[in-house]
2 protein chains.
Amino acid sequence: MLKATPRGRRTLKASNAFRERLAASAQAIGAHMEQVLAGLPDVPMVHAMRHATQGGKRLRGFLVLEGARLHGVPVANALWPATAIEALHAYSLVHDDLPCMDDDDLRRGQPTVHRKWDEATAVLVGDALQTMAFELVSHEDTSPQPAVRADLALSLARAGGAQGMVLGQAMDIAAETAGTPLDLETITHLQRGKTGALIEWSATAGARMAGADIAPLRDYAQALGLAFQIADDILDVEGDSATVGKATGKDAEAGKATFVSLLGLEEAKRRAESLMENACEHLSGYGPEAETLRQLARFVIARKH
Amino acid sequence: MLKATPRGRRTLKASNAFRERLAASAQAIGAHMEQVLAGLPDVPMVHAMRHATQGGKRLRGFLVLEGARLHGVPVANALWPATAIEALHAYSLVHDDLPCMDDDDLRRGQPTVHRKWDEATAVLVGDALQTMAFELVSHEDTSPQPAVRADLALSLARAGGAQGMVLGQAMDIAAETAGTPLDLETITHLQRGKTGALIEWSATAGARMAGADIAPLRDYAQALGLAFQIADDILDVEGDSATVGKATGKDAEAGKATFVSLLGLEEAKRRAESLMENACEHLSGYGPEAETLRQLARFVIARKH
């Protein structure tokens, strides 16, 4: 994808710095997650919660930290909602992987919770991780201002619930049950709930914490979220499961409509590229400080896993 | 249980007024729940959420409303956390009833969500109801004070999560997997999480909303919660499934340790009675205004379903 032109080289160089930054953020969030989990009782379910929250790129938490940095929110505070969104994301994956849902054996290159433990544990682990997400955002250390904590809890509930992520999942299941392939408009609406709502919350959390206007980061995140999902559909076709860390080719096998099946591979790639550019445009008001978020948009459509 | 003595008659009379009050509260919470659900998209999952939240005595919501009344919190505000705790309780029942958990076909005299719909829907319905609970407590209409909304969200997360309700469920499953019957101390600890934590939250929510001391209602609720669980174990032995609205005799059949199996039926009844009296003692500071909560304690150990 990158050509050996001066521009290409700059992008590559920036990309390396970006990857280091992303890795450092993932590590900081992982350490905070471990600190929170270490405070819980020593029961098998908590070990399974640890397993479910390990690994992954922690893109959502990274969005929280970067959005917070842009608004001058201390990282010590921002780590709480960053860890919260990763806990919420992990809960959705654990439940999604259940036999009655997507029935997946592999997640982030590791056995899924219901494979390593059992289904009952997986149900409870997901439940507990969701609860933990709300505990973390409403925790006193997230913000000294109660209004911020209440706003984060309310907006997270709206993003994660029956009008956001869970609605997207329910629409997905309903479509599969009905057996009628979705059209582009419906699949866009579905994905905006299923993956977009949490991405949007992540990107805007920092602005919420600072009491600033969330609109630019919200618009950025809406384009980014859709680009992310299109890239995911492309990976399901082009990636191999060892690199991606989960089963691939499942959508085509299931005859499921995806952005790739509806648009074709080339048009899907073009659409993801254009959404990435659109996402970056919304960041113009932040100037060079938002360069990391621009690189994230590029990373999202270029990633191999 | 009631004798035809003057004292007995007074209790019986009060009990009828109490039942009317409980029914009126359940109706108000049901109406509010319906209003919230009516605002959600018209998808099968939302119909299943409605099914899962219908029926029941709504004891936890009643505790919220009564605790709020004692502290002068307007009912229009208190209905939000009252509905929230019923949504959270309903989520725990839907997931508890799953085939991989208790595998129940009947709940509140109706087919369970995974029987009427399917397992995937039941997982999502539980997930969405939990999220909804946090949306309701952090909603602006719960309290004009952000500090109250943040405190309700944080305390609800602590009561519902891996140190509260879900921990109790995880301990329950771990004990069943290990196959070693629990002793009285462990079962008391387990039940304090599994049912006690939400009952405690419900009773103290009104005091939290008023910024008052939660200690008397917390102590009342701890005794009440344990009495409630002992009464539940007694019902599992003495009740018939048609009246109780769910399968009975399951604990004995599964060789599970309960308060009845550990203490014997008579001692369990004596213990429940003594806890009920203890619960009432903690209300002394509230005077006659707390009579309804005293009657609730009597109702909890005398109920037939």
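User: At what angle do helix H6 and helix H7 of chain A pack?

Analyst: In this predicted model, local features need pLDDT of at least 70, side-chain atom pairs count only at pLDDT 80 or more, and totals for chains, interfaces and linings use all residues. Residues are numbered from 1 along each chain as its sequence is written, chains are lettered from A and ligands numbered from 1 in the order in which they are written, and side-chain values use heavy atoms, with hydrogens and water left out. Helices are DSSP runs of H or I with at least four residues, numbered from the N terminus, and axes are lines fitted to C-alpha atoms over the stretch in contact, with angles running from 0 to 180 degrees between N-to-C directions. The axes of H6(A), residues 119-137, and H7(A), residues 146-160, lie 8 Å apart, and the angle between these helices is about 155°.

User: Are H6(A) and H7(A) roughly parallel or roughly antiparallel to each other?

Analyst: Angles under 35 degrees count as roughly parallel, over 145 as roughly antiparallel, 65 to 115 as roughly perpendicular and the rest as oblique. The angle here is about 155°. H6(A) and H7(A) are therefore roughly antiparallel.

User: Which residues of H7(A) meet H6(A)?

Analyst: Contact means heavy atoms within 4.5 Å. From H6(A) come A:Ala133, A:Phe134 and A:Val137, and they meet A:Arg149, A:Leu152, A:Ala153, A:Leu156 and A:Ala157 in H7(A).

User: How much area do chain B and chain A bury between them?

Analyst: Buried area is the accessible area (1.4 Å probe) that two parts lose on being put together, summed over both. The contact takes 41 residues from chain B and 41 residues from chain A. Carbon and sulfur atoms hold 73% of the buried area, which comes to about 3700 Å².

User: Which residue of chain A meets B:Arg158 in a salt bridge?

Analyst: A salt bridge is a side-chain nitrogen of Lys or Arg within 4 Å of a carboxyl oxygen of Asp or Glu, and the count between chain B and chain A is two. For B:Arg158, with an N to O distance of 3.4 Å, the partner is A:Glu135.

User: How many residues apart are A:Arg21 and A:Glu66?

Analyst: These residues form a salt bridge, with their closest N and O atoms 3.2 Å apart. The pair links distant parts of the chain, since A:Arg21 lies in helix H1 (residues 6-38) of chain A and A:Glu66 in helix H3 (residues 59-70) of chain A, and their separation is 45 residues.

Technical notes
Helices (H or I, at least four residues) and strands (E, at least two) are DSSP runs, numbered from the N terminus.
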